[in-house]
Amino acid sequence: MRNALVFVLIAAAAVSVSGCGTDDAPAAAPPATTSTPSTFADATDEVPTDASPKSGAASAGAALTVTDIRLGRQPGFDRVVYELGGTGSPGWQVAYTDSAVQDGSGKSVDVAGRAILEVRILGSAYPFDSTVPPFDGPDPVTDPGTPAITGVYKKLVYEGVTQSFIGIDADQPPFSVTALADPPRLVVDIATQ
């Protein structure tokens, strides 16, 4: 009897909500969306010229998880691509640091190279919150084709930020940071000349 009463109340609520529109206003159509596949080379091909800290804001409600990390060589610079899964657009804080220290734990990370570039990806989420499988590749990520990058270390999420370190075999070369979409990515280009 109680289940029948609950069913009747739910049905009555559904009927009353469906009649809330007016005949004068057309029903709102869902926004049109387009998706253009993008590639590794979608970022600018300009050689970075500035080594100062860089930052950008994440989109509202961003919940992103690092799903892949790729390295590649371009004329005049090496590129690190953090591919992301989830929702929104990433923000970032990228700057040189004297030592690699993990957020939260305060543990030191042993990073090879003469310079350490700390990458903080804002708008991050734990994999169980973004429901996206996280990157499970090596730590550090290396590529013999990018000898100026000694490795991309640790991909730890703490309080909405993914922290990573890029070891560089040079003394704080210029770098640039770009966010790309479809899929979301954060691209860090590091000058080699």
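Colleague: In what order do the four strands of the open sheet stand, and what is the sense of their pairing?

Modeller: In this predicted model, the order is β2-β3-β9-β8, and the pairing is antiparallel.

Colleague: Why is one side of β2 and of β8 left without a neighbour in the sheet?

Modeller: β2 (63-74) and β8 (175-180) stand at the edges with a single partner strand each, so one side of each has no neighbour in the sheet. From one strand to the next, the twist averages 15 degrees.

Colleague: Which strands make up the open sheet of five, and in what order?

Modeller: That sheet has the order β1-β4-β5-β7-β6, with antiparallel pairing. Because β1 (54-56) and β6 (149-158) stand at its edges, each with a single partner strand, one side of each is left without a neighbour in the sheet. Direction ignored, neighbouring strands of this sheet are turned by 15 degrees against each other on average.

Colleague: How do you know that β4 and β5 pair?

Modeller: Strand β4 (residues 91-97) and strand β5 (residues 115-122) are joined in the antiparallel sense over seven bridges. The requirement is at least two bridges, so β4 and β5 count as a pair. Within β5, Leu122 is the bridge partner of Gly91.

Technical notes
Residues are numbered from 1 along each chain as its sequence is written. This is a predicted model: local features need pLDDT of at least 70, side-chain atom pairs count only at pLDDT 80 or more; totals for chains, interfaces and linings use all residues. Side-chain values use heavy atoms; hydrogens and water are left out. Axes are lines fitted to C-alpha atoms, for helices over the stretch in contact, and angles run from 0 to 180 degrees between N-to-C directions.
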